[in-house]
Structures are given as C-alpha cells and as structure tokens.
Amino acid sequence: MCGIIGYVGADGALPIVATGLKNLEYRGYDSAGIALNNGTVDVFKQSGEIDDLTLPAEHSATCGIGHTRWSTHGQPTDANAHPHTDESGDVAVVHNGIIDNYESLKSELSSHTFTSETDTEVIPHLVEEHLSDGDDLLSAVEATIERLEGSFAIAVTTSGQDGFVVARQDSPLVLGHGEDGNFVASDVTAFLEHTREVSYLEDGDVALVTGADVTVYHDGGTVDRPVQTVDWEADAAEKGGYDHYMLKEIHEQPQALRQTLSGRLDTVTGDVDLELDLPEQYLNSLEEIQVVACGTSNHAGQYAARLLEQFADVRTTVEVASEYEFRGGRDPWRTLVVAVTQSGETADTLSAMRRAASAGARTLAVTNVVGSTAAREADDVVYIRAGPEIGVAATKTFAAQVATLTMLTVYVGRQRGALSGDRASTLLENLRRLPGAIQQVLDEEDATREVAYDLIDSDGFFFVGRHLGWPVAMEGALKLKEISYINAEGFAAGELKHGTLALVTEDTPVLAVLTDGAKPDQTLNNVKEVESRGAPVIGVSSLDDTTKYLDVEFAVPDLGTLEPLVANVFLQLFAYHVADALGRSIDKPRNLAKSVTVE
Ligand code: F6R
C-alpha cells in the first residue's frame with residue numbers, strides 16, 4: 001500500500017504536495033518523491049522517510065504529483081522511489097498497486113533503458129511510446145492502461161501538460177475539488193485541509209485534472225462521479241472514517257488479500273508464482289520444515305504446518321522463536337527454516353533464524369516489510385504484501401501470512417510431486433474466493449458487535465477449535481487478551497476436558513471454531529461438554545445443523561482449508577468490539593509494542 005497525491009491550481013504545488021505526502025505517511029514510509037511540472041518536469045525522490053526528502057526551498061510549479069512508498073517490487077532505494085520517468089525525464093508517474101505483467105511488458109520495451117527494479121517503471125515508458133506516436137497525454141494513458149494487468153492507481157504528468165491524468169483499477173483514488181485548484185489522492189486525508197468536496201473514481205475510470213476542471217472518462221465517454229462533502233476530521237479520515245486503525249485494518253482484509261494473491265495464482269494448472277527459486281533437488285531431499293515465529297505469526301505458522309504436512313508431505317514443526325535454540329537445529333542440511341514475521345525485525349525470530357543459518361540450514365523469510373532485517377538476511381524471501389499495519393494487534397497481516405503460506409504449501413507440494421494439479425487448483429480456487437468470503441463476514445459486523453457487548457462482563461473466555469481451527473482459536477484468544485485485557489485461552493477442542501473444564505462456568509463464554517470438517521462430531525461433543533456446565537457458546541461454523549448446540553451461531557461460507565481463516569475475522573471483530581465497549585486503548589494496548597526488537 002503506497003500513497004499518492006497530485007495538485008494543480010493557482011498556488012505553489014511544492015508545499016501542498018509535500019504536506020499531502022506527510023498526511024499519507026501511514027500508507028507507507030520507506031521512500032518518497034515529488035515531480036513538479038512548470039512546463040518541464042523536475043523530479044525529487046529518495047529512500048527514507050518523507051521528512052528526509054531533499055526538496056528545493058521554492059519552486060514555481062503550480063502542478064505536482066507525489067508518492068510515499070511501501071515496497072512490493074524492489075528494495076527501498078533511491079532508484080526504486082517514485083515518481084518514475086521515461087528516459088527523457090519528461091513523463092513522470094506515481095503508482096499505488098502492482099502491475100502483474102510488468103516483466104513481459106519490460107521485455108517488449110527492450111530498446112528502453114530501465115533504471116529501477118520496480119513494476120511501475122514500465123508505465124512511463126509505455127506512455128512515452130504513445131506520446132511519440134502523436135497521442136495527447138489522456139489518450140496515451142488510456143492506451144497504456146489497456147496493456148496493464150494487476151491493480152493500479154496512477155497519476156501521470158508530462159512536460160508541456162497543464163495538470164495530470166489519473167486512472168484507477170482495484171486501488172483507491174479520490175478527486176478533491178478545491179476553489180483554487182484540484183487534487184487527487186489515495187485518500188482524502190492528503191488534501192483535507194484544502195477541500196472537503198470529493199468524488200471517488202471507479203475501476204476503469206480515467207480523469208484529466210487541470211486547475212480549472214476535472215473530466216472523468218469511462219469506456220471512451222465522459223461520466224459524472226457525484227461530488228460529496230466529507231465531514232470527517234483529519235484523524236478520522238486517516239483511519240478511513242473508522243474509530244481505530246485496527247478496525248480499518250480488519251476491514252481492509254479483502255483488499256489486502258487481493259494484493260497478496262495478485263499475479264501469483266494459476267487456478268487452472270494449480271501452479272503458483274512466488275518468485276521463489278528453491279532447487280527441486282533440495283526440496284525433494286527435504287526432511288523437515290521448521291517454522292520459527294512469535295505471537296500471531298506463530299499462529300499463522302501453526303496453520304501452515306498443518307497444510308504443509310497434509311499437502312506437501314513434509315514433516316513440519318513450529319517453534320516459538322525464543323525457544324528455538326533449545327530444540328531446533330536437527331539435521332540442518334535437510335531442513336528448511338521458515339521465519340514468519342510481519343515486521344521482519346522481531347529479535348527472537350531473527351535470533352532463531354541466525355542460529356539455523358549458522359548451523360547450515362537454508363532460511364526463508366515470510367514477511368511484510370521489504371528490506372527488513374529478516375528479508376535481507378534470509379536466503380530466500382516471500383512478501384505477504386499486506387501494506388503497512390498501524391494497529392499493534394496484527395489482523396490483516398495474519399490473513400496475508402496464512403494466504404501466503406498456503407501458496408508456499410502449493411509451491412512445495414507441487415515441486416515435491418506430492419500435490420496433484422487438481423488438488424492444488426482447489427486450494428488456489430479457494431484462495432481466489434477468500435476476499436469475497438471475508439467480505440461476507442465483515443458485512444455481519446452489527447451482529448458480532450451485539451454479541452460482544454452482551455458478554456463484556458464475563459470473567460474470562462475460552463476459544464476452541466480442532467485441526468486448522470486450533471491455531472485460529474489461539475489467535476482469537478490472543479487478540480481478545482491483548483486489546484481487552486480480559487483473560488482468554490485458546491485450546492484444541494478435545495483438550496479442554498483434560499483439566500481446564502474445571503474453570504468453565506456460566507461466566508466464561510466459549511467461542512468455538514467449527515470449520516473445515518475435521519471430526520465435526522467430536523468437536524460438537526466438546527461443545528456440549530461446555531454447554532452443560534452453563535457456559536454460553538458462540539459458534540463460528542460452516543457445519544450443518546449446529547444451531548441446536550449453540551447460543552449464537554455465525555455462519556462461515558464453505559471454503560475448504562481456508563474456512564478457519566474466514567472464521568478468524570469474526571473473532572477479530574468480536575475482540576475489537578469487546579475492547580471498544582470497555583473503552584480500551586485499542587491501537588496501542590498497554591505494555592505492548594508493534595515490533596519487539598529485544599529478546
Ligand atoms: C499480536 C501481535 C504479536 C506479533 C509478534 C510477532 O497481535 O501482533 O504477537 O505477531 O510480536 O511480530 P512479527 O510478526 O513482526 O515478528
């Protein structure tokens with residue numbers, strides 16, 4: 001997730017675009033840049049935070065576009081920072097999204113010189129080709145986006161152009177209509193201090209934005225996108241109108257997952273493209289995968305371990321990273337150590353990964369942060385592409401981790417010959433349907449809130465699940481604990497009766513994850529055991545006929561091995577609304593930090 005902004009009007013563009021970028025910093029902050037157009041285009045860009053960007057004290061341009069980056073293709077370097085230009089430097093582009101077919105476009109443009117590793121750089125080169133064929137900027141951008149596969153929100157300006165052209169496909173873009181000029185941005189936060197009159201572009205829209213006018217085109221004709229007045233304050237706008245980043249990030253999951261999966265699945269052949277090149281011989285001789293991770297990432301690892309054993313036929317263990325040194329390191333030559341870490345900076349995980357590497361194991365980092373320590377130090381890396389997560393409690397990154405690790409399972413299973421194309425296709429088809437299934441759960445938020453409000457006075461909570469539902473039960477409990485400060489524990493459904501059942505009373509509700517068909521009868525027996533002790537039971541279920549055992553049931557759509565991941569979204573919303581009703585500091589829970597960089 002990157003942030004883009006553009007302004008054209010009567011005022012100097014430099015301070016407006018620079019402040020707009022600062023307002024968008026929460027969308028990404030590993031590099032930044034601005035292109036100013038006063039007849040000729042000047043570009044200022046570099047890696048690092050927006051405050052560190054070297055800009056001129058003054059500039060006469062009244063048109064400018066800017067970008068703050070969250071890397072997906074290429075390290076956060078000066079060369080990879082946006083805006084990107086063609087060879088002449090006349091066409092400047094800022095882009096949020098991922099161009100899936102950039103490699104094939106790049107080889108088509110073999111006579112052009114590329115200076116970055118980004119997917120974006122193909123865009124100015126394609127625009128330049130059309131401009132040199134005599135097109136105006138609007139037609140050049142229209143012709144260019146016809147060639148692009150993937151997601152994009154772009155703004156393009158060129159020397160001699162009054163204003164800029166913008167286009168959107170599967171990435172957000174909003175226009176701002178001011179008295180002295182017009183704006184475009186990834187969200188309204190960027191320009192809220194200048195105007196509250198906005199219109200939202202839709203997929204397939206292209207707009208020509210000048211100081212005097214904004215014209216939106218769709219399918220060759222002009223269209224009206226209604227102008228609305230935003231009444232949020234800046235703080236709420238940054239959170240997309242939600243009260244907390246955590247809630248915004250829960251709701252962002254469908255979009256984040258589309259980005260995670262973009263260009264990586266072939267549901268017909270059952271293959272995945274993770275830009276990963278583990279030698280086939282190495283994968284075939286692999287005896288074990290060891291996942292090292294902490295907290296929520298550890299739960300994602302536990303989910304993945306069950307998939308890897310089932311579909312890739314490889315023994316997989318999951319270690320709490322801080323415990324790895326006491327157990328790991330068996331037969332390192334035939335062990336792949338997978339470090340799952342959102343931040344890529346968790347000290348315990350890095351230490352386990354280093355230990356494995358020094359023992360001779362190959363290491364693979366699964367992380368959200370391009371250029372993080374884990375990404376740099378591991379032998380191989382796969383990015384989960386969830387965009388920045390601000391809330392301390394991990395939500396969308398857990399979903400993106402499990403989705404990425406499901407793709408890794410398919411990759412390893414296919415390479416090892418353990419997974420047929422048909423079974424792989426089913427897994428990938430479910431991944432493709434995942435964002436829609438999660439949206440269905442999000443649409444039930446009001447009902448989840450009601451149940452949460454009813455239970456805020458409880459003494460404590462238990463979460464139970466079987467097989468893939470077990471890691472999700474643990475994750476549900478962790479989420480509730482960390483933001484509500486109420487004690488909660490997650491158990492394997494069959495395990496409660498071996499002791500902990502003694503604690504179950506009418507004041508300890510039980511949330512049961514009833515999904516993925518793993519011995520549903522036994523799991524329902526476990527549910528009956530707690531129900532007969534008087535505990536309220538809330539089921540998150542894809543099973544038929546469970547209502548009679550449950551006080552409340554939330555339905556999870558059928559989605560095979562991904563059903564528990566969908567169920568987890570109910571648990572996230574539940575935890576959020578319990579904590580909200582109790583007035584907790586949801587985005588910054590007491591005693592916790594987003595990234596734990598000490599052992
Ligand atoms: C819980 C949470 C933590 C992190 C853990 C590991 O909501 O966010 O449990 O999952 O600190 O962090 P990363 O994934 O950055 O290594």
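Predicted model: local features only at pLDDT ≥ 70, side-chain atom pairs only at ≥ 80, totals over all residues.

Trainee: How far is the ligand from the side chain of threonine 341?

Mentor: The distance is 2.7 Å, between an oxygen atom of the ligand and an N or O atom in the side chain of threonine 341. Glutamine 342 uses its backbone instead: an N or O atom there lies 2.7 Å from an oxygen atom of the ligand.

Trainee: And how much of the ligand's accessible area does the protein cover?

Mentor: The ligand on its own has 410 Å² of accessible area, and the protein covers 89% of that.

Trainee: Which residues come nearest to the ligand?

Mentor: There are 13 residues around the ligand, and the nearest are Ser297, Thr341, Ser343, Thr346 and Glu482. By class, the shell has 7 polar, 4 nonpolar and 2 charged residues.

Trainee: Which helices supply at least two residues of that shell?

Mentor: Helix 9, residues 295–311, and helix 16, residues 469–484. Helix 9 gives the largest share, 3 residues.

Trainee: What about helix 9 itself, what is its span?

Mentor: From first C-alpha to last, helix 9 reaches 25 Å over 17 residues, close to the 24 Å expected at 1.5 Å a residue. Helix 9 is mostly covered, with 14 of its 17 residues buried.

Trainee: What follows helix 9?

Mentor: Aspartate 313, with a positive phi near 50 degrees.

Trainee: Where else does phi go positive?

Mentor: Aspartate 219 has phi near 50 degrees, and tyrosine 485 has phi near 65 degrees. Most residues other than glycine have a negative phi.

Trainee: Where do aspartate 219 and tyrosine 485 lie?

Mentor: Aspartate 219 is in the loop between strand 13 (214–218) and strand 14 (221–223). Tyrosine 485 is in the loop between helix 16 and strand 24 (488–492).

Trainee: Is aspartate 219 buried or exposed?

Mentor: Exposed, because its relative accessible area is 75% and the cut-off for exposed is over 50%. Tyrosine 485 is at 25%, so it counts as partly exposed.

Trainee: Switching to aspartate 205. Is that one buried or exposed?

Mentor: Buried, because its relative accessibility is 0%. Aspartate 205 is located in the loop between strand 11 (197–200) and strand 12 (206–209).

Trainee: Which side chain does aspartate 205 make a polar contact with?

Mentor: Histidine 218, at 2.6 Å between the two side chains. Leaving out residues up to four places away in sequence, aspartate 205 also touches several others, including Val166, Arg168, Tyr217 and Arg225.

Trainee: Where is the cis peptide bond?

Mentor: Between histidine 82 and proline 83, with omega about 0 degrees. Proline 83 lies in the loop between strand 4 (63–69) and strand 5 (84–85).

Trainee: Last topic, proline 254. Which helix is it in?

Mentor: Helix 7, residues 253–261. Proline 254 counts as buried because its relative accessibility is 3%, and buried means under 20%.

Trainee: Which residues is proline 254 in contact with, beyond its neighbours in sequence?

Mentor: Leaving aside neighbours within four places, proline 254 is in contact with Pro435, Ile438, Gln439 and Leu442. Proline 254 and proline 435 are 181 residues apart in sequence, yet their C-alpha atoms are 4.1 Å apart.

Technical notes. Residues numbered from 1 in each chain as written. Heavy atoms only, no water. Near = heavy atom within 4 Å. Polar contact = N/O pair within 3.5 Å; in protein donor to acceptor, adjacent residues only side chain to side chain. Areas by Shrake-Rupley, 256 points an atom, 1.4 Å probe, with all protein chains shown as cover. Helix = DSSP H or I, 4+ residues; strand = E, 2+ residues; numbered from the N terminus. Nonpolar A, V, L, I, M, F, W, Y, C, P; charged D, E, K, R; others polar. Expected span 1.5 Å × (residues − 1). Buried < 20%, exposed > 50% of the residue type's maximum accessible area, 1.4 Å probe, protein only. Contact = heavy atoms within 4.5 Å.
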